[in-house]
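Reader: I have a new structure to look at, and I would like to learn how to read its features step by step. Could you take me through them?

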Amino acid sequence: MRVTGLKSEYVRNPVGIDTERPRFSWRLESGRRGVAQSAYQLLVSSDKSKLAAGIGDVWDSGKVASSRSVNVAYGGGELESGVRYYWKVRVWDEEGGVSGWSRPAFFEMGLLDPSDWRAQWIGLESRAATPINNAQQNYPARLEPGSTLGQSFAVDGEFTAVSGRFPTWQTTGSGLTLALRRDGPEGEILARRRFSDVVDNSWLQLELSEPLPAGTYYLEASEPEGTIGWWSHNQDVYPGGQAFAGGEPAGGDRTLRVDVPVPPPPMLRKEFSVSGRVRRARLYASALGLYELRLNGRKVGDHLFAPGWTDYGKRIQYQTYDVTGLLRRGTNALGALLGDGWYAGHVAMYGRNLYGNNVFLLVQLVIDYADGSSETVASDVSWRGTREGPLRSSDILMGEIYDARLEQPGWDRPGFDDSGWETVIAKDDVAGRLVAQADPPVRVTGELKPVALTEPEEGTYVFDMGQNMVGSVRLRVSGREGERVRLRHAEVLNPDGTIYTENLRTARATDEYVLRGGGEEVYEPCFTFHGFRYVEVTGYPGRPSLDAVVGRVIGTAAPISGTFETSDRMVNRLQSNITWSQRGNFLSIPTDCPQRDERMGWTGDINVFAPTAAFNMEVARFLGTKWLRDLRDAQRPNGAFTDVAPYVPIVGAGVAGWGDAGVTVPWTVWRRYGDTRVIEENYEAMVRWLTYLEEHSTGYLRPAEGYGDWLNVDDDTPKDVIATAYFAHSARLVSEMAAAVGREGDARRYRELFESVREAFNEAYVSSDGRIRGDTQTAYVLALHMDLLPEEKRAAAARRLVEHIEARGWHLSTGFLGTPHLLPVLTEAGRTDVAYRLLNQRTFPSWLYEVERGATTTWERWDSIKPDGSFNDPAMNSFNHYAYGAVGDWLYRYVAGISPKEPGYRRILIRPRPGGGLDRARGELESPYGRILSEWRLLGGELHMRVSIPPNTRADVCVPARDAREVQVSPPVLGVSPSQRDDCAIFELGSGTYEFRSRLPG
């Protein structure tokens, strides 16, 4: 028996963590079956030599009688900032035999106390005007014929465009006229434009022929055609102006976006001296914005989009880099390039400057010399900076402009003449708390070569990457100085082969590169990403070859943990689409879509997708630590969880199925990883959420508010039914989690709350024959999945669900909230046949409908491309949206048959359900304890099944069989007799690999 796979806080040898009591995990390896741990001893030492000598001078756990090998908490004294600790572990098996010591591992602490930071936040003076935008809205003001709607605003510098957001109530053919006036409703008209065929809820932009100076202005909407209005707020939420109606002041304010000239991103630098032999060096860095660091001409680390998106007013992540090998004796140079990112750039439909209008850097380099001395180089006002670099603009949504003629060779090396650069300024009012990065870094996780190149118009070249992806491209080009190459990105093509970008809304998703001339040049965008399959290239000197661009796949680099495949290539494509959507939308936060002007952390989407996500990737850190902190930061004072996290003030809070992510995501992380700390960290927030639900209910019934079963297929479930169901569901899950952390009183209380809501649900919504108000597929799915019905009504509800599916020609009609549980509910009700029939359906609406139409990621809508080939409403039509990919959980748990019977897969349930015309299926999962495998195939009327169970776990293996006595096991298992239940032979087994053969029932 060997001890392997040592990790601290889910990471092998992490550097720069700030968890005060880190947790340790390890795996066992053995060639024999049934291996289990009965005890462990863990040593933590201050240096390698002490650890090798068996001295745990920091912590020696002693021999602990425990089977626990996952998330064992550190039990020693206080850990110190910046110190690396070494550890190893040995274990005793179920028979008392002891293993050898594991190979040594380490963990290194980051900066644990604010006093550890000597660095200042530094940047360059911003000369741009301060834009005053308003994206807050809670009602649409209707524009009536013969009247006007308006909003005044004031700016303190030049601006180039002004916009408002206009609803059409899902109608077509609507239009209006926008005019910009000086001062107010009677002022001089400075610009005017007519807009026709307005897309519902779109921002309409009035661009100016030349910038206008600081002053007071008035945006006016008039001459309506069809049904149109202006998104507004009924309270005064905008300090910069006044709403008008019919030329007279009106209460509240209207949505408004003012575009001002944005200064180019800054470059900062500092030279310093290294006086001796360096033993080790650590660089701690963060930014208000995004940063890329360079040391002596080399890039520091491989992180992208650091420090990541958080609510910067509350929490700012920093990163730790080992730069020992980048320093040299003598003069060194540290350089930084900054980008606007989420801090100062465009965020969703909000516009720019959600958190601030200027970017800043924080850097602290700690050098430890071989003689025991140390030195710190920190960002301060001695640094120099410039905005005259090649990166002329940088925005996550809009793209980048890079002018290679303005490159400053050697700027990141010693000896560069920066006398023409400016002195930086310091920012001393940063409120956000510095924390170590909790999630895996964003990286380039792969590359794609184009599969085709076309020229739909002269000089316009379209590269097909063969896969809808998220990231950017590497461009190779040769040409004359000053030639400009433009890259535009799109997910799909128009019928004429040109790229379709209307669904991007206001996101330009365009990168531009200006050549310096003199040979081949290579350009990679730095601070932007796009969602695309197709890249349109214009301005390219000559005709590009197919290898002129390469796709750089970018996302949070969480380890891949699961694989799933079957004998059906369409189902395999579906699984591929799900994983590509997850990879693309997991980028610092779990976004809804990666391409349009949204890209927010919608809570409803991850509520339904988290179980699937935890199969495909290790998400304990990404969701369980980092994003749940975002959600807690966003929670409203009344306990309501927000619609998105980090919070963006264009949406609300307290919505059923969205806010409940504050409960369902911690529950999922606990169940999949056995992580109880996630319960403790989120416990207060979850209790506040339940209090909010209680206080905003009448007789335990929630109001008919929220988004409902979003994007269902003409089968609206009453919103109060959904909301009350989720109220009960959250209460039950919190009860389970309370019990898991020993809060027995709370467990009883919230179980009783669940029962009270359940009783109210039945009295208000369930008839004597099991019919549920609304009589929709989703109503029955939620009631069955959430255990809201008495036992005697469950069968009737399941039959009614099947009747609805049959009435629609064996199609589903569920939206975001009903879809994830549809197939599991059918399977648990004994209708696996119907579940497979829905999976295999290839006409709208279905999962394979989009696969047949060439989808390579999952769509936002069941018919993002309609049956007639046309595109759905561009106001909301993403071709990369993981919500409907929540079916992946069913593929793993019911087709492959892998489920956690106990949290963290300490005990495993293996129960595949063959069917649906599949000849074989295979699922693998890297669980906290090791690899789980479930594989089956049908051969000559027999089921052949292969299962692998990791050491220190047990599994209930349910082999589909007509008679348990006929099941053959290879190699034979002594002393284990299967039981027969529900057409399954059930084997209770320890670790090892087992093969079974059986005759299927019936």
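Reader: How many helices and strands does the protein chain have?

Author: Helices (H or I, at least four residues) and strands (E, at least two) are DSSP runs, numbered from the N terminus. In this case the protein chain has 15 helices and 58 strands. This is a predicted model, in which local features need pLDDT of at least 70 and side-chain atom pairs count only at pLDDT 80 or more, while totals for chains, interfaces and linings use all residues. Residues are numbered from 1 along each chain as its sequence is written, and side-chain values use heavy atoms, with hydrogens and water left out.

Reader: What radius of gyration does the protein chain have, and what does the C-alpha trace span along its principal axes?

Author: The radius of gyration is taken over C-alpha atoms, and the globule rule is 2.2 Å times the number of residues to the power 0.38. For 1002 residues a compact globule would come out near 30 Å, and the protein chain agrees with this, having 30 Å. Along the principal axes, the C-alpha trace spans about 90 × 80 × 60 Å.

Reader: Which share of the residues counts as buried?

Author: Buried means under 20% relative accessible area, exposed over 50%, and partly exposed in between (1.4 Å probe, protein chains only). Of the 1002 residues in the protein chain, 61% count as buried.

Reader: In what order do the strands of the sheet with β46 and β55 stand?

Author: Strands of a sheet pair through backbone hydrogen bonds, either parallel or antiparallel. Two strands are taken as paired if DSSP finds at least two bridges between them. Here six strands form an open sheet with antiparallel pairing, and their order is β46-β51-β52-β53-β58-β55. At the edges stand β46 (562–566) and β55 (968–970), each with a single partner strand, so one side of each is left without a neighbour in the sheet. Neighbouring strands of this sheet are turned by 10° against each other on average, direction ignored; such angles run from 0 to 180 degrees between N-to-C directions, and axes are lines fitted to C-alpha atoms, for helices over the stretch in contact.

Reader: Which helix packs on this sheet?

Author: Contact means heavy atoms within 4.5 Å. Helix α15 (residues 888–896) packs on the sheet and touches β46, β51 (920–927) and β52 (930–939), and the direction of α15 makes about 65° with that of β46. Within the sheet, strand β53 (residues 942–949) pairs with strand β58 (residues 992–999) in the antiparallel sense over eight bridges, and Arg946 has Glu995 in β58 as its bridge partner.

Reader: Where is Ser69, and is Ser69 buried or exposed?

Author: Ser69 lies in the loop between β5 (59–60) and β6 (72–73), and with 1% relative accessibility Ser69 counts as buried. Leaving aside neighbours within four places in sequence, Ser69 is in contact with residues including Phe24, Trp26 and Tyr929.

Reader: Why is helix α10 described as largely enclosed?

Author: Eight of the nine residues of α10 (residues 777–785) are buried, so α10 is largely enclosed by the rest of the structure. Among the buried residues are Tyr780, Val781 and Leu782. The cover over the buried residues includes α8 (719–740), α9 (744–765), α11 (791–807) and α12 (819–828). After α10 comes Asp787, whose phi is positive, near 60°.
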